[in-house]
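Take a look at the structure below. The report then walks through its parts, one at a time.

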Amino acid sequence: MNRVMSLLRQDFKLLLRNALFWVLTVALVLIVVTVWYLIPREQTGFETRLAVYGMEFPGGGVEIVASPGKVEQMVREKGVLGIVREDGALTVVHDGLSKQAVTAFVAQIMPPQTPLSPIQIERLREAPQPVPYNLRFVPIFIAFEAVIVGFFMAAILMLGERQEGVLEAYRVSPGGVVPYVASKSLLFAIVGTVYALLMAFATVGFVFNIWQFIILTVLGSLFYTLLGMCVAVFFEDISSWFLAVVPLWALNMLPMISFSVPTFSPPWIEWIPSYSALFAYDEILFPTGKSLLSVHSLLSVETIAAFFVCAALVKRRLLSARGCVS
Amino acid sequence: MRGILRYMKTDFVLIARNKLTFYMVISPALLALVFLAVVGRAGHGSMTFAVSADVPAQLVRNIEEFGKVERLADSDAVRARVERMDSAAGVVMADGAPVLIVEGNEAEGFAERAGYLVQRAAAGDIPHFEERKVASKGNRALELTATSLLVLAIFVAGAVPGMNIVADRESKVLQATAVSPLGGKGYIAARALTAFILSLVNTAVAILIIGRTDVIGQMMVAAASSAAVTLLMALLLGCSADNQISAIASIKLIMPVGLGLPITSTFVSEKLQFLYYWLPNYWQFKAVESAWAGRYDVLSCFLALATGGIWLVLLRNWFGQKLGLR
């Protein structure tokens with residue numbers, strides 16, 4: 001344990017020397033200012049817009065146009081949905097919606113031919129309080145900024161050590177692989193958790209389950225730090241490493257699209273670890289009564305697996321005699 | 001002039017030799033391709049219905065007309081499916097009638113819309129219509145994503161010479177340059193020229209990969225008018241870091257300001273847009289946004305150059321001091 005603590009202290013000093021503290025502080029201020037002052041409390045803009053010809057259409061975001069050609073032009077230029085009613089026939093002009101989405105849409109604008117039987121709706125839980133639009137972005141900032149700090153920084157530290165030959169000295173010291181991996185993981189679990197907590201306190205306030213938040217952030221930060229190190233061991237320098245992590249980083253951000261459009265959730269996107277973390281942060285900050293046990297359990301298993309894989313990779317590629325020769 | 005061109009040539013040789021900078025040139029275009037594909041698909045999907053095995057086959061077929069159907073063993077499995085992170089509606093049978101199950105935390109109107117579609121499906125009332133698919137330039141979300149990624153391509157054009165400035169600081173080349181015949185102004189001019197050419201190349205590559213060659217002229221003008229912004233970004237990066245580790249940390253800060261801040265303007269009402277007028281990257285964003293829509297926005301292009309130029313003049317002493325250039 002003493003070895004872990006001493007390595008942790010050493011890494012922390014190294015981070016401070018590279019201005020990490022200031023970078024995170026300024027990033028935090030920018031995020032808080034963005035959430036509070038730049039993103040509005042109510043959503044504006046993105047509602048579906050329709051171009052309609054030949055029928056009445058109540059509601060906002062609708063433009064009644066003078067000809068079917070104009071409908072098509074608007075679909076081409078603005079990507080809106082077009083509806084043309086001529087001689088009683090309805091034509092939907094669109095830019096690639098699924099057949100089912102179009103049928104569902106037409107069903108909603110065309111009255112039923114016979115009276116419909118009532119349907120019972122069972123809600124699994126009470127509808128939550130509406131969340132202001134600006135605060136909807138907080139889980140995104142936490143999941144894609146605070147939690148992944150370790151993914152980049154641990155790798156940068158490790159590659160810095162590799163380039164400066166520190167690892168060769170470490171190899172002949174009595175340190176060992178586990179304290180090396182544990183110290184970096186712990187460091188960024190602490191940094192990530194403090195960063196995420198400050199972000200949440202400054203935006204959402206204190207009315208959420210702080211313990212659940214801490215558990216999720218510690219697990220998430222540990223997982224991403226270990227993942228970052230697993231990738232970094234394969235590279236000799238920061239340039240080559242950067243080449244590989246940018247696509248991974250971009251891929252990791254794709255669940256943001258499912259978060260914005262909750263009906264868009266293809267199976268492959270659910271396999272990205274940030275998918276469940278993102279929705280879990282949303283549940284913790286704006287609770288609806290959903291259990292997060294499965295998310296925590298899955299993340300724990302992934303973190304434990306990542307630790308063993310990382311330790312094995314570090315031992316084989318960095319701390320073995322062969323790995324240190326560059 | 002010959003000295004400036006020699007420096008610029010060195011920059012391009014370094015770009016070709018260094019994987020990091022080469023990657024930075026092509027990465028925005030590749031990211032644009034992935035993100036535009038996913039964002040494009042996200043808005044085109046249909047609702048998901050999880051149905052239990054006891055739901056009559058005809059009703060399931062009718063529901064399939066309105067959305068994707070996932071067939072599950074029983075009502076418990078349907079409830080478990082509905083509880084997952086995305087928004088899906090469940091359908092089970094009770095006393096011979098369909099019952100809709102929703103989680104309760106979905107977007108406003110989700111349960112009512114899903115319920116209505118199941119009612120229509122139960123009545124066998126599937127609307128008939130014609131549909132016509134046309135290619136469109138995309139909706140607002142797609143437009144925003146594309147604009148952001150194209151601005152990223154131009155931002156990268158500033159980051160590459162910025163990284164080279166950091167490398168020159170690290171290797172003390174900058175000190176030698178300061179006392180060489182080229183001098184500080186020549187050095188900055190060489191970097192500015194590199195940034196300018198790169199921003200044109202990056203934008204052209206991105207536009208070609210995305211496949212919007214119809215707006216290549218407008219986009220080239222927007223990229224050219226970003227000359228002052230790219231140089232500003234390059235100098236900010238060069239001044240804020242003295243080694244590669246710090247440079248990556250600095251990018252983490254400069255990027256949200258350079259890219260994120262203009263994006264937030266899309267959420268702000270017209271009345272408050274004046275708050276952004278002092279930012280050159282706001283005008284750059286506007287120019288690129290207009291270019292994507294096929295317009296030449298002369299005013300935004302001019303203001304991007306003018307405000308960028310003013311910032312460069314205001315910060316010239318600080319840049320000179322930090323870089324040790326006359």
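## Strands that pair

Two strands pair if DSSP finds at least two bridges between them. Strands (E, at least two residues) and helices (H or I, at least four) are DSSP runs, numbered from the N terminus. This is a predicted model: local features need pLDDT of at least 70, side-chain atom pairs count only at pLDDT 80 or more, and totals for chains, interfaces and linings use all residues. Residues are numbered from 1 along each chain as its sequence is written, while chains are lettered from A and ligands numbered from 1 in the order in which they are written.

In chain B, β3(B) and β4(B) pair in the antiparallel sense over five bridges. M93(B) stands opposite P98(B) in β4(B). The two strands form a hairpin, with two residues between them. In that turn, D95(B) has a positive phi of about 55 degrees.

Strand β3(B) also pairs with strand β1 (residues 47-52) of chain B, in the parallel sense, over four bridges. Here V51(B) has V91(B) as its bridge partner. Is β3(B) enclosed or open? Five of the seven residues of β3 (residues 88-94) of chain B are buried (20 or more other C-beta atoms within 10 Å of their own; exposed means 12 or fewer, partly exposed in between; C-beta atoms are placed from the backbone). The strand is therefore largely enclosed by the rest of the structure.

## Where the chains meet

Strand β4 (residues 97-102) of chain B runs parallel to strand β5 (residues 120-123) of chain A, and four bridges join them. Q120(A) stands opposite V99(B).

In total, 74 residues of chain B are in contact with 73 residues of chain A (C-beta atoms, placed from the backbone, within 7 Å). The chain B side divides into 37 nonpolar, 19 polar and 18 charged residues. Ala, Val, Leu, Ile, Met, Phe, Trp, Tyr, Cys and Pro count as nonpolar, Asp, Glu, Lys and Arg as charged, and the others, Gly among them, as polar.

## The cores

A nonpolar core is a set of buried Ala, Val, Leu, Ile, Met, Phe, Trp, Tyr and Cys residues joined through C-beta atoms within 7 Å. The largest one has 135 residues. Those with the most contacts inside it include I142(A), M229(A) and L237(B). Its largest share, 16 residues, comes from helix α6 (residues 140-170) of chain B. A second, separate core of 41 residues includes A51(A), F105(A), F66(B) and V102(B).

What does L237(B) touch? Leaving out residues up to four places away in sequence, its contacts include A159(B), M163(B), V166(B) and I254(B).

## One helix in chain A

Helix α3 (residues 68-78) of chain A has four names to learn: its buried residues are V71(A), E72(A), M74(A) and V75(A). Seen down the helix axis, they fall within an arc of 160 degrees (taken from the directions from the axis to the C-beta atoms), so they line one face. An α-helix has 3.6 residues a turn, so residues three or four places apart point the same way.

The cover over these buried residues includes β1 (50-53), β3 (81-86) and β4 (89-94) of chain A. G79(A) follows the helix, and its phi is positive, near 70 degrees.

## Chain A overall

Chain A has 15 helices and five strands. Its C-alpha atoms fill a box of roughly 85 × 40 × 35 Å, taken along the principal axes. Of its 326 residues, 40% count as buried.

Terms used. Two residues are in contact if their C-beta atoms, placed from the backbone, lie within 7 Å.
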